[in-house]
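Here is a briefing for a reader new to this structure. Look over the sequence and the model, then read on.

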Amino acid sequence: MNSGKIIEKKYRERKPDKPVKKKRDRKSYSLSIGPIHPALKEPVRFDLKIEGEKVVNVDFELSQVHRGIEWAGTRRNPVQIIYLAERICGICNICHSACFCIAVENIAGIGVPARAHYIRTIYGELERMHSHILWAGVAAHELGFDSVMYYTWKVREKVMDVMEALAGNRITKGIMMIGGVRRDIKEKQVPMLKEALEYYKKGFGKLGDIFLKDPVIKSRTVDTGILSKQDGLALCAVGPTARASGIKKDVRQDAAYAAYSDLDVKAITPKNLLGEVKGDVFDRIVVRLLEVKQSVEIIEECLKQMPKGKIVYEEKIPKLLAELRSVEGDGIGRIEAPRGEVIHYVKLVGEESPFCWKVRAPTYNNLLPWGPMLMGEQVADVPIIAASTDPCMSCTNRAVVTDGNNEEVLDNEAMRRLSVEKTNALKRRVGR
Amino acid sequence: MFEMAKELLKQLFRKPFTNRFPSKHVPKSTTKLLKNVKEGMAKVNRPVPIPEGFRGKIAYDKEKCIGCKLCIKVCPANCYDFLEKERKVKYHLSRCTFCAQCVDVCPVNALTSTKEFLLSDYKTH
């Protein structure tokens, strides 16, 4: 009781603080998105400074999903690593395994048969088609058009079926082998592949109409998330993100691998369709859709030109492993994945397993351009801008808005709701 | 959204795109349903055909195995354990990634890819 009185006395004696009126003409909040967030797909934490709805500063933290794949690789033999490399990214599984194979082939001086080159190209392009169509669905979802998402994913299903019929697996196809490929494309499988290509040629126009002619999608994406050509070059953007900013950068064109040297592949920029390059989200949609069309053409060309013959350098795997065990040196593999350039560095030292294996995935390069893209944009546009570079996956997202003592949690649904609200508001304005 | 609205209206009159379950509701007795289907009294949605060369669960023929350990060498997921006494291998389905590299490497075709893919079960052993 006594102590209580003392405290009461102390409290009474305390002079009340004068309410200090801080004169602040600006009030900036800190908005943290991630590390786990469905719109971002890959665990990365954004620290956005926002003024009202406007993003004024962007910072992000990486490295939340270090799985030690490269470490695990140094404890396996090269044939085992092919399947480990596939699991770096589920969607880009062909490019990672092919890239590793190319790196090892460079070290050992293994010559790949011509037919295997073509089969690798066909698989690479099928993968690009499926990845870009999947991305288009994700972009529609971020904008709040879920029916468009289901429609695009329905369109995508055809290419998945083709890949399953060709390779035996839907996602991690396990088709690459050092010195070639594991399975041939048989004569009786060609009609099915051609039928799928016809389906995409027909369906492409409709998909293009849905995405490119819609006034609401246009007003949501045109002039949002602009990445200028200078910024793109300075921050080493790769893949469709760079090409949408007018940078003609494509490994298939610059350092042709597999069968691309026989094919006439040119980097696609929005100039091909729109006549001008802005580097906004809309341009990225245009580039990806045009690349689907380009992939269809490349596969058709491949089927025409494909020579007959062996599909793998050495069929007996124990013999291949013995050969790789005697090789020393280091090599680099470069491949144009759906998201950009993949680089694998491998060092063999005459042992069972490689001494070193380093992977540089395209998303790594496409993260820094988020800075200039997000600057000055609205919070509701953050999901679509972040998704526009097609960052690699891993989900469930929440954001905390802190304003002194008041905390508000913006989870994924809330973020998406903001985005959907903006779309609806635009719909009303456009009058549809 | 005009293009999409057209597409949605069309979709109203189409069949669902997804692969459907064999029957709409869980039957009281599966054997009875199958019997009825045989006699033509009931209809079920046929399963989607599995493509040739599908990489399903791996079948192991113990008789054929010569214990060369090649599958152990190439398996990326360490699915195979070597049994020293019998000089045979033990296949762990739970670790398998279905790359079928062991099927390719086996010199005596003791390992084969089956078309079995419905592998989840309540029983873990």
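A cavity is a set of points, on a 1 Å grid over the protein atoms alone, where a 1.4 Å probe fits but cannot get out. A pocket is an open set with protein on both sides within 12 Å along at least five of seven lines. Lining residues have an atom within 4 Å of a point. Grid points are joined across faces, edges and corners, and a volume is the space filled by probe spheres set on the points.

This is a predicted model, in which local features need pLDDT of at least 70, side-chain atom pairs count only at pLDDT 80 or more, and totals for chains, interfaces and linings use all residues. Residues are numbered from 1 along each chain as its sequence is written, chains are lettered from A and ligands numbered from 1 in the order in which they are written, and side-chain values use heavy atoms, with hydrogens and water left out.

**The two chains**

- Chain A holds 18 helices and 10 strands. Helices (H or I, at least four residues) and strands (E, at least two) are DSSP runs, numbered from the N terminus.
- Of the 432 residues in chain A, 56% are buried. Buried means under 20% relative accessible area, exposed over 50%, and partly exposed in between (1.4 Å probe, protein chains only).
- In chain A, 70% of the contacts between residues at least 6 apart in sequence join residues at least 24 apart. A contact means heavy atoms within 4.5 Å.
- Chain B has 4 helices and 4 strands. Their pattern along the sequence is α-α-β-α-β-β-α-β.
- Chain B has 125 residues, and 26% of them are buried.
- For contacts in chain B between residues at least 6 apart in sequence, 56% join residues at least 24 apart.
- Chain B has an accessible surface of about 9600 Å², with 58% belonging to carbon and sulfur atoms.

**The largest pocket**

- The volume of the largest pocket is about 1300 Å³.
- Its lining has 34 residues, and those nearest the centre are Asp161(A), Phe17(B), Thr18(B), Asn19(B) and Val48(B).
- Two elements of chain A give two or more residues to this lining: α6 (146–167) and α7 (190–212). Helix α6(A) gives the most, with 9 residues.
- The lining of the largest pocket counts 17 nonpolar, 4 polar and 13 charged residues. Here Ala, Val, Leu, Ile, Met, Phe, Trp, Tyr, Cys and Pro are nonpolar, Asp, Glu, Lys and Arg are charged, and the others, Gly among them, are polar.

**Cavities**

- The whole structure has 4 cavities of 30 Å³ or more.
- The largest cavity has a volume of about 120 Å³. It is lined by 17 residues, and Ile94(A), Arg120(A), Gly124(A), Tyr257(A) and Ile335(A) lie nearest its centre.
- In chain A, α4 (93–108), α5 (114–143) and β6 (328–337) each supply at least two residues of the largest cavity's lining. Helix α5(A) gives the most, with 5 residues.
- That lining divides into 11 nonpolar, 2 polar and 4 charged residues.
- The second largest cavity has a volume of about 100 Å³. Of its 14 lining residues, Cys65(B), Cys68(B), Cys71(B), Cys106(B) and Leu111(B) lie nearest the centre.
- The second largest cavity has 12 nonpolar, 1 polar and 1 charged residue in its lining.

- Helix α13 of chain A (residues 281–305) has 25 residues, so at 1.5 Å a residue it should span 36 Å. The expected span is 1.5 Å times one less than the number of residues. The end C-alpha atoms are 36 Å apart, which agrees.
- Helix α13(A) is mostly covered, with 19 of its 25 residues buried.
- Arg288(A) sits in this helix. Its relative accessibility is 1%, so Arg288(A) counts as buried.
- Beyond neighbours within four places in sequence, Arg288(A) contacts His132(A), Trp135(A), Pro240(A), Thr241(A), Ser388(A), Thr389(A) and Asp390(A).

**Pro76(B)**

- Pro76(B) lies in the loop between α3 (70–74) and β2 (80–83) of chain B.
- Pro76(B) counts as buried because its relative accessibility is 11%.
- Pro76(B) and Gln101(B) are 25 residues apart along the chain, and their C-alpha atoms are separated by 8.7 Å.
- Apart from neighbours within four places in sequence, Pro76(B) touches Arg76(A), Gln80(A), Tyr83(A), Thr97(B) and Cys99(B).

Note on methods: Accessible areas come from the Shrake-Rupley method with a 1.4 Å probe; for residues, only the protein chains shown count as cover.
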